[in-house]
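Here is a short briefing to read beside the sequence and the model. It goes topic by topic.

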Amino acid sequence: MCTVMTIDQQHLLGRTMDFPPRTPWHLTYLPRGCQWRAAQMTTTHSNSRALLGGMRVVDGHYLVGDAVNDAGLAGAELFFPVAADYPTTVRPGTQGLTPQDFIMWALGNHATVRELAADLDRVTVIDARWYDGQRYPFHWLLMDQTGTYVIEPLGDRLHVRANPLAVFTNTPALDDQLARLATYLGQPVTATATQLAQAIATSNKSLPTGGNSVQRFIQAACCRWGRTPRDAADLLAFLQRVTVPHTPAHAHNYTHYQAVIDIADQRYDFHDLHSGVVASWCLTKLMMESPTTPRRFE
């Protein structure tokens with residue numbers, strides 16, 4: 001059950017990656033010119049942007065869980081079951097992508113959220129299996145220098161919208177999460193993001209316990225707007241509070257890594273919860289050291 005929080009003023013994005021145990025996640029660097037093919041498709045893509053992020057590899061194919069690119073555009077995918085609504089066929093005149101391929105295309109070929117938004121009509125994200133044989137529905141969080149945004153597959157077309165509270169979890173959809181937060185705060189479900197943030201700042205309610213996506217959204221929103229994390233250390237402290245330990249009670253879904261991304265410095269801190277190792281790399285440095293060769297940090 002992944003959780004994401006951003007701090008726009010410090011250009012920081014933090015997330016937990018909670019996922020079933022399949023192929024392992026590693027901090028991975030992909031240079032400009034990286035070629036890939038979306039599952040079920042025949043077109044080969046060549047990225048114009050270098051990427052640094054948490055990735056899995058299946059038969060030589062990269063699944064990007066989250067990353068920052070060399071223009072400072074970052075993105076993260078989160079599980080979106082039940083609510084996701086994907087078409088089953090590719091619209092004529094567009095490129096087909098599975099949900100697992102979307103971040104590779106988005107971050108590999110765009111410099112800003114605005115540029116990506118203008119390009120969304122060129123692709124169709126369809127309900128299809130990826131190279132590991134799995135079909136996972138996702139929605140996505142995006143961040144650049146202008147703020148935090150989301151894309152949710154709730155119809156036949158994808159659209160970018162602002163994420164007003166700068167937090168994100170799994171299903172339900174963002175509007176539903178905001179309405180549930182309003183109810184928790186004793187506000188009308190039509191309350192604006194500004195009104196919700198003000199209500200959080202003056203609330204003395206105890207935070208909900210438990211780890212489902214609604215409870216974690218409320219916890220994240222109250223942390224973000226009650227006493228805003230000031231830096232990467234504060235952001236990591238929050239991620240540790242919503243981390244799901246690998247225990248017999250959480251044998252299937254648990255936190256594999258915590259990530260803190262600085263989009264201004266294009267720096268990624270990958271906290272591997274299996275090994276306890278923290279891998280910290282700067283994308284610009286990797287581009288100079290390895291301009292054409294991918295690197296995987298294990």
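How many bridges join strand 16 to strand 17, and in which sense do the two strands run? Strand 16 (residues 267-272) and strand 17 run antiparallel, and five bridges join them. The model is predicted.

- Histidine 271 has valine 278 of strand 17 as its bridge partner.

**Strand 11, an enclosed strand**

- Strand 11 (residues 138-144) has seven of its seven residues buried, so it is largely enclosed by the rest of the structure.
- In a regular strand, side chains alternate between the two faces of the sheet.
- Phe138, Trp140, Leu142 and Asp144 point one way from strand 11. His139, Leu141 and Met143 point the other way. Both sets are buried.
- Strand 8 (residues 74-79) pairs with strand 11 in the antiparallel sense, over six bridges. Phenylalanine 79 has phenylalanine 138 of strand 11 as its bridge partner.
- Strand 12 (residues 147-151) also pairs with strand 11 in the antiparallel sense, over five bridges. Here methionine 143 stands opposite threonine 148.
- Strands 11 and 12 form a hairpin, with two residues between them.

**Helix 4, a two-sided helix**

- Leu196, Ala197, Ala199 and Ile200 are the buried residues of helix 4 (residues 193-202). Why do they lie on the same side of helix 4? They cover an arc of only 160 degrees around the axis, which puts them on that one side.
- An α-helix has 3.6 residues a turn, so residues three or four places apart point the same way.
- Thr194, Gln198, Ala201 and Thr202 are exposed on the other side of helix 4.
- Helix 3 (174-185) and helix 5 (213-226) are among the elements that cover the buried residues of helix 4.

**The nonpolar core**

- The largest nonpolar core has 93 residues. Phe102, Trp105, Trp140 and Leu181 touch the most other members.
- Helix 5 supplies the largest share of this core, seven residues.
- Trp140 is also one of the buried residues of strand 11.

**Cysteines**

- The count of disulfides is zero.
- Cysteine 34 is in no disulfide, and the nearest cysteine sulfur, that of cysteine 282, is 19 Å away. Cysteine 34 counts as buried, at 10% relative accessibility.
- Cysteine 222 is in no disulfide either. Its nearest cysteine sulfur is that of cysteine 223, 8.9 Å away. Cysteine 222 is buried, with a relative accessible area of 14%.

**A loop residue: threonine 23**

- Threonine 23 has its place in the loop between strand 2 (12-19) and strand 3 (26-30).
- Is threonine 23 buried or partly exposed? With a relative accessible area of 27%, threonine 23 is partly exposed.
- Leaving aside neighbours within four places in sequence, threonine 23 is in contact with Arg56, Val57 and Val58.
- Threonine 23 and valine 58 are 35 residues apart along the chain, and their C-alpha atoms are separated by 7.3 Å.

Conventions:
Residues numbered from 1 in each chain as written. Predicted model: local features only at pLDDT ≥ 70, side-chain atom pairs only at ≥ 80, totals over all residues. Heavy atoms only, no water. Buried < 20%, exposed > 50% of the residue type's maximum accessible area, 1.4 Å probe, protein only. Helix = DSSP H or I, 4+ residues; strand = E, 2+ residues; numbered from the N terminus. Arc of directions from axis to C-beta. Contact = heavy atoms within 4.5 Å. Pairing = 2+ DSSP bridges. Core = buried A, V, L, I, M, F, W, Y, C linked by side-chain atoms within 4.5 Å. Disulfide = S-S within 2.5 Å.
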